[in-house]
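This report describes selected features of one structure.

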Amino acid sequence: MTVLVTGGAGYIGSHAALALLDGGRNVVVLDNLSQGHRWAVPAGAAFVEGDCGDYDLVRRVIAEHEVTAIMHFAGSIIVPDSVIYPLEYYYNNTVNSRALAQAAVDSGIRHFIFSSTAGVYGEPETTPILEDFALKPISPYGTSKMMTEKMLADAAIAHDLRYVALRYFNVAGADPAGRSGQTSRKATHLIKIASQAATGVRPKMAIYGEDYETPDGTCIRDYIHVTDLANAHVLALEYLEKGGESDVMNCGYGRGFSVREVIDAVKQVSGVDFTVDLAERRAGDPAALIAGADRIRQKLGWKPVHDDLTAIVRHALDWEESLKGREVSAA
Ligand SMILES: NC(=O)c1ccc[n+]([C@@H]2O[C@H](COP(=O)([O-])OP(=O)(O)OC[C@H]3O[C@@H](n4cnc5c(N)ncnc54)[C@H](O)[C@@H]3O)[C@@H](O)[C@H]2O)c1
Ligand SMILES: O=c1ccn([C@@H]2O[C@H](COP(=O)(O)OP(=O)(O)O[C@H]3O[C@H](CO)[C@H](O)[C@H](O)[C@H]3O)[C@@H](O)[C@H]2O)c(=O)[nH]1
């Protein structure tokens, strides 16, 4: 019994692989290393370099490793890039997911966990955001994920496959034991950028807009620690194995912090007063995104243990320091 983790050389997938291994499961990682790093694959996991959209390869990996479940993290993740290169995003996130799902169904895989995003909701009129809100993505990235969710829903009706799509809010932090963290070659996420500014990897950073309708004028997001998120995946798999129905679930804590509060926390924890410029609003940023987070707690019994901005920032900073000297571009 082995779990196939696509994208397990990347940020969230490597943490999920660690959580699975910590729980005593066998893991095989399939990653094409387009963004991830071979060294980020946890030591106890088998590794296959290749594409999750390669149907024959996936069938072979499933057979050779006796895979019984799939966690699908592989994908392209940068929202503004998806606006510039939409067809590449639909290819990597939707077309390749279709091939993976086909290989899963044809191989008799019955349990599938999918990395979705709060981006499927677009700009909701009210917050917190519940799972049954209308899906109105405003980027090709969000649409590519929504399409994969729909494919899985239809496949689950037609075939002996059940799935959980986890809609992540803002993922941040790093493994508390320092075994993995955010290593993406092209950093865009706020806590990663601020950690790079605090550790001298970048000279300064900017706040994208201070004129939103929020208490301090900057955007509010629901930051979830990557280790709590990884554990949610393990619980989602156990839920399916116990016979749970296919479902979609938000992954967030149900509270938010503003961009300014996050930057203040990074400055406070690091003790570094790095330069912060004020820049124009970034296109497509909703003012506030907070998860309605009851469903995942009720259905999976998920109990987060790192719901603490200081801890999230501390772990992100520790990871950023540990990256110095490794082969990772800061761009
Ligand atoms: N980071 C976030 O805040 C966030 C938020 C919502 C959803 N997600 C989703 O979570 C998943 C993981 O994101 P991440 O932050 O760990 O990104 P990441 O870039 O660190 O990891 C993605 C991994 O997938 C690999 N990959 C990409 N395309 C592949 C393919 N076709 N075949 C095999 N491997 C491939 C990359 O090499 C990389 O190792 C993605 O699907 C992303 O859309 C992330
Ligand atoms: O250098 C920076 C980077 C970010 N921000 C701001 O910080 C906030 C958070 O931005 P991120 O880029 O960290 O995250 P997003 O909210 O844009 O998007 C992330 O969270 C979404 C859900 O909330 C989706 O899950 C999406 O896939 C994921 O990338 C935004 O207001 C952004 O404008 C800055 O001010 N300066």
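## Conventions and the segment around Arg326

A residue is called buried under 20% relative accessible area, exposed over 50%, and partly exposed in between, using a 1.4 Å probe and protein chains only. Because its relative accessibility is 34%, Arg326 counts as partly exposed. The model is predicted, with local features requiring pLDDT of at least 70 and side-chain atom pairs counted only at pLDDT 80 or more, whereas totals for chains, interfaces and linings use all residues. Residues are numbered from 1 along each chain as its sequence is written, chains are lettered from A and ligands numbered from 1 in the order in which they are written, and side-chain values use heavy atoms, leaving out hydrogens and water.

Arg326 belongs to the segment after α10 (309-323); helices (H or I, at least four residues) and strands (E, at least two) are DSSP runs, numbered from the N terminus. Contact means heavy atoms within 4.5 Å. Leaving aside residues up to four places away in sequence, Arg326 touches Trp39 and Trp319. Between Arg326 and His315 there are 11 residues of sequence separation and 18 Å in space, C-alpha to C-alpha.

## Salt bridges

A salt bridge is a side-chain nitrogen of Lys or Arg within 4 Å of a carboxyl oxygen of Asp or Glu. This rule gives a count of 20 salt bridges. One of them pairs Asp175 with Arg179, whose closest N and O atoms are 2.9 Å apart. Asp175 is buried at a relative accessible area of 8%, while Arg179, at 41%, is partly exposed. In another, Lys267 meets Asp273 at 2.8 Å, N to O; Asp273 is exposed, with 65% relative accessibility.

The side chains of Arg282 and Asp285 also form a salt bridge, with an N to O distance of 3.1 Å. Here Arg282 is partly exposed at 35%, and Asp285 is buried at 16%. Glu131, Asp247, Arg295 and Lys299 are joined into one network by salt bridges that share partners.

## Helix α4

Helix α4 covers residues 86-106, 21 residues in total, and reaches 29 Å from its first C-alpha to its last, close to the expected 30 Å. The expected span is 1.5 Å times one less than the number of residues. At Asn92 the helix bends by about 25 degrees, the bend being the angle between axes fitted to the seven residues ending there and the seven starting there. After α4 comes Gly108, with a positive phi near 80 degrees.

The buried residues of α4 include Tyr89, Asn92, Asn93, Leu100 and Ala104. Buried residues of this helix pack against several elements, among them β1 (2-6), β4 (67-72), β5 (111-117) and α5 (140-158).

## Ligand surroundings

A residue is near a molecule if one of its heavy atoms lies within 4 Å of it. A polar contact is a pair of N or O atoms within 3.5 Å; within protein, one must be able to donate a hydrogen and the other to accept it, and residues adjacent in sequence count only if both atoms are side-chain atoms. Around ligand 1 there are 30 residues, of which Ile12, Asp31, Asn92, Tyr141 and Lys145 come nearest.

Ligand 2 has 21 residues around it, and Asn170, Leu190, Arg221, Arg282 and Asp285 come nearest. A side-chain N or O atom of Arg282 is 2.6 Å from an oxygen atom of ligand 2. A polar side-chain atom of Thr117 lies 2.9 Å from a ligand 2 oxygen atom, and a polar backbone atom of Tyr168 is 3.2 Å from an oxygen atom of this ligand.
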